[in-house]
Amino acid sequence: MSEKLPTGRPEIEVRDLHKSFGDNKVLRGIDLAIGQGEVVCVIGPSGSGKSTLLRCVNLLEEPTKGQVFVGGTELTDPDVDIDAVRRRIGMVFQQFNLFPHLTVTANLTLPQRRVLGRGKAEAAKVAAENLERVGLSEKADAYPASLSGGQQQRVAIARSLSMGPEVMLFDEPTSALDPELVGDVLAVMRMLANEGMTMMVVTHEMTFAREVADRVVFMDGGVIVEDGTPSQVITNPSHDRTRHFLSRLLDPAMAEVEGEDTAP
């Protein structure tokens with residue numbers, strides 16, 4: 001892992017971002033900039049607002065207040081062509097969202113043809129290249145039901161990559177997987193990081209955050225509590241709230257001694 005800092009125009013930027021659901025204020029003035037090629041992991045307890053922040057970056061959630069920029073284009077501008085900007089953003093969810101009645105190749109080629117207007121041959125070529133990248137070339141003609149959860153998530157990543165994104169957003173990409181299947185998905189994400197992909201990752205995988213992230217952002221109560229290198233935030237956090245969260249996440253036995261629920 002190389003520790004890169006934003007230089008020039010950020011690839012992703014949010015300014016004074018607020019999001020409320022009725023009276024529930026989920027985001028309370030978030031400012032965050034992610035430079036080109038940076039990998040930023042967002043951690044925090046359930047309900048801290050981290051997934052809502054991620055979904056606001058491509059306007060799957062409409063911010064209540066504030067601005068969102070991707071590649072210098074303001075997504076929150078009422079006049080923006082949001083579909084055009086979203087083509088530059090890859091999104092990988094907890095669930096795989098594959099079409100069960102389509103083969104793996106068809107799952108990758110259909111979005112290319114419908115959204116990007118690629119021909120059948122070009123779309124198939126791009127799909128094959130990205131299946132090879134995620135180590136699943138042999139599953140090109142398989143159907144999702146025949147794949148493990150980890151394989152389905154790798155197909156979902158390949159599908160996003162086939163659209164040629166400039167940034168990738170990951171929302172707890174391994175949380176729905178059995179523990180033995182997590183490693184293959186994280187290996188693909190490491191590969192993307194090494195290739196220089198700009199990535200924003202909501203995760204509880206602390207080993208991945210330590211080894212791959214350039215920066216780690218800890219959120220709680222809808223605000224950013226800490227933002228720094230993995231060594232600063234995970235190894236030597238400066239805030240009591242961060243230390244408490246990490247102690248429970250990394251040492252569940254400690255939480256049991258305290259009589260607390262061990263779920264983050």
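Predicted model: local features only at pLDDT ≥ 70, side-chain atom pairs only at ≥ 80, totals over all residues.
Reader: How many of the 13 residues of α5 are buried?

Author: To count as buried, a residue needs a relative accessible area under 20%. Helix α5 is largely enclosed by the rest of the structure, because the number of its 13 residues that are buried is 13.

Reader: Are α3 and α4 parallel, perpendicular or oblique to each other?

Author: Let's look at the axes of α3 (residues 104-116) and α4 (residues 120-133): they come within 9 Å and cross at roughly 125°. Roughly perpendicular stops at 115 degrees, and roughly antiparallel needs over 145. That's why α3 and α4 count as oblique.

Reader: How many nonpolar residues does the contact of α3 with α4 have?

Author: On the α3 side you'll find V104 and L108, among others, and they belong to a group that meets α4 residues including A123, V126 and L131. By class, this contact has 3 polar residues, 3 charged ones and, for the nonpolar class, 7.

Reader: Is A140 buried or exposed?

Author: A140 sits in the loop between α4 and α5. Leaving out residues up to four places away in sequence, A140 touches T103, V104, T105 and L131. Its relative accessible area is 18%, and the cut-off is under 20%, so A140 is buried.

Note on methods
Residues numbered from 1 in each chain as written. Heavy atoms only, no water. Axes fitted to C-alpha atoms, helices over the stretch in contact; angles between N-to-C directions. Helix = DSSP H or I, 4+ residues; strand = E, 2+ residues; numbered from the N terminus. Parallel < 35°, antiparallel > 145°, perpendicular 65-115°, else oblique. Contact = heavy atoms within 4.5 Å. Nonpolar A, V, L, I, M, F, W, Y, C, P; charged D, E, K, R; others polar. Buried < 20%, exposed > 50% of the residue type's maximum accessible area, 1.4 Å probe, protein only.
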